[in-house]
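Subject: Structure handover

Hello,

Here is the structure I said I would pass on. Please open it and keep it in view while you read the notes that follow.

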Amino acid sequence: MSLNRDDMLRELELLPVWKLREASAAKAQAVDAKAQTQQPEPLMPQNADEVPVAPVPEAVEVPAEVKAEPAVFAENRLEQIRHLDWQALQDCVQGCVACELSATRSQTVFGVGDPHAEWLFVGEAPGVEEDRKGEPFVGQAGKLLDNMLAAIKLKRGHNTYIANIMKCRPPENRDPHRGEVTQCEPFLERQVALMQPKLILALGRVAAQTLLQTDATVAELRGRLHSYNGVPVIVTYHPAYLLRNLTDKAKAWEDLCYARRTMQELQAATQA
Ligand code: SF4
């Protein structure tokens, strides 16, 4: 893949920041240290009508008990989720009332893109606009994510899938509670098992800490390869965080380059 450096920097809106960072390395370091203690900002609204949504795989027969009561898994909930096909999983999420977020959501947000994609991008949870539209990463953070994808010659809906750890919006965009994550993460786990992506990009602290079962910060986790149920994982900053911490866009670009190199190695290993 031949990428023009200026084009890539422009896609990430890095050109002015790149110059500022070089001129103010000490300041950037101070911002970095402070940034590790900050929460990702709420997602912001944006028109995403043009975003292509790839069709999900053809559905197979959904068990009668799942159709009748898709969200209530009185017994063996995890085991039942692990046997759902894609369509049944979507139905299950849509009707899920397994945690208190079901009471305040407008709708669930399952994910968007190609279910057979090699790239899986995982964020935290829907925001206000995502809750309204039923799609992850709309608004300004979604626009930046699209630019991040473009920087490595990717496009939403084309060999990419975008999902969140949480399928319902936490009120006031608060962090999801541990119990809520415990209830919801099996859905993503099943998505990953069905998709079998080559590489996962964990976007932000909540996604990274949940996937990797750690309390480490994004700064501590980025720059090396991790694993989630056997799938390689690379950690980078959440686009909403980058909107507030411009100097870290350069680090996100480094992460994207690392992810692109890793994907090329994974693809080459598959073909060998
Ligand atoms: S957040 Fe997840 S576990 Fe909670 S109600 Fe929504 S889909 Fe169910």
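Is Glu-172 buried or exposed? In this predicted model, Glu-172 is exposed, with a relative accessible area of 72%. You will find Glu-172 in the loop between strand E3 (160-164) and H9. The phi angle of Glu-172 is near 55 degrees, which is a positive value in a residue other than glycine.

Gln-213 sits in the loop between helix H10 (205-212) and helix H11 (218-221). Gln-213 counts as exposed because its relative accessibility is 67%, and the cut-off for exposed is over 50%.

Next, the strands. Five of the five residues of E3 are buried, so the strand is largely enclosed by the rest of the structure. Thr-160, Ile-162 and Asn-164 lie on one side of E3, with Tyr-161 and Ala-163 on the other, and both faces are covered. E3 pairs with strand E2 (residues 119-123) in the parallel sense, over five bridges. In that pairing, Val-122 has Ala-163 as its bridge partner. E3 also runs antiparallel to strand E1 (residues 112-113), to which two bridges join it. There, Val-112 stands opposite Ile-162.

In soluble globular proteins, nonpolar side chains tend to be buried together. The largest nonpolar core here has 63 residues, and the members that touch the most others are Trp-119, Phe-121, Ile-200 and Leu-211. Helix H9 (residues 178-195) gives the most to this core, with six residues.

Last, helix H8 (residues 139-151). H8 has 13 residues and reaches 19 Å from its first C-alpha to its last, close to the 18 Å expected at 1.5 Å a residue. Which residues of H8 are buried? They are Gly-139, Ala-141, Gly-142, Leu-144, Leu-145, Asn-147, Met-148, Leu-149 and Ala-151. When you look at their spacing, keep in mind that an α-helix has 3.6 residues a turn, so residues three or four places apart point the same way.

Regards

Methods:
Residues are numbered from 1 along each chain as its sequence is written. This is a predicted model: local features need pLDDT of at least 70, side-chain atom pairs count only at pLDDT 80 or more; totals for chains, interfaces and linings use all residues. Side-chain values use heavy atoms; hydrogens and water are left out. A nonpolar core is a set of buried Ala, Val, Leu, Ile, Met, Phe, Trp, Tyr and Cys residues joined through side-chain atoms within 4.5 Å. Buried means under 20% relative accessible area, exposed over 50%, partly exposed in between (1.4 Å probe, protein chains only). Helices (H or I, at least four residues) and strands (E, at least two) are DSSP runs, numbered from the N terminus. The expected span of a helix is 1.5 Å times one less than its number of residues. Two strands pair if DSSP finds at least two bridges between them.
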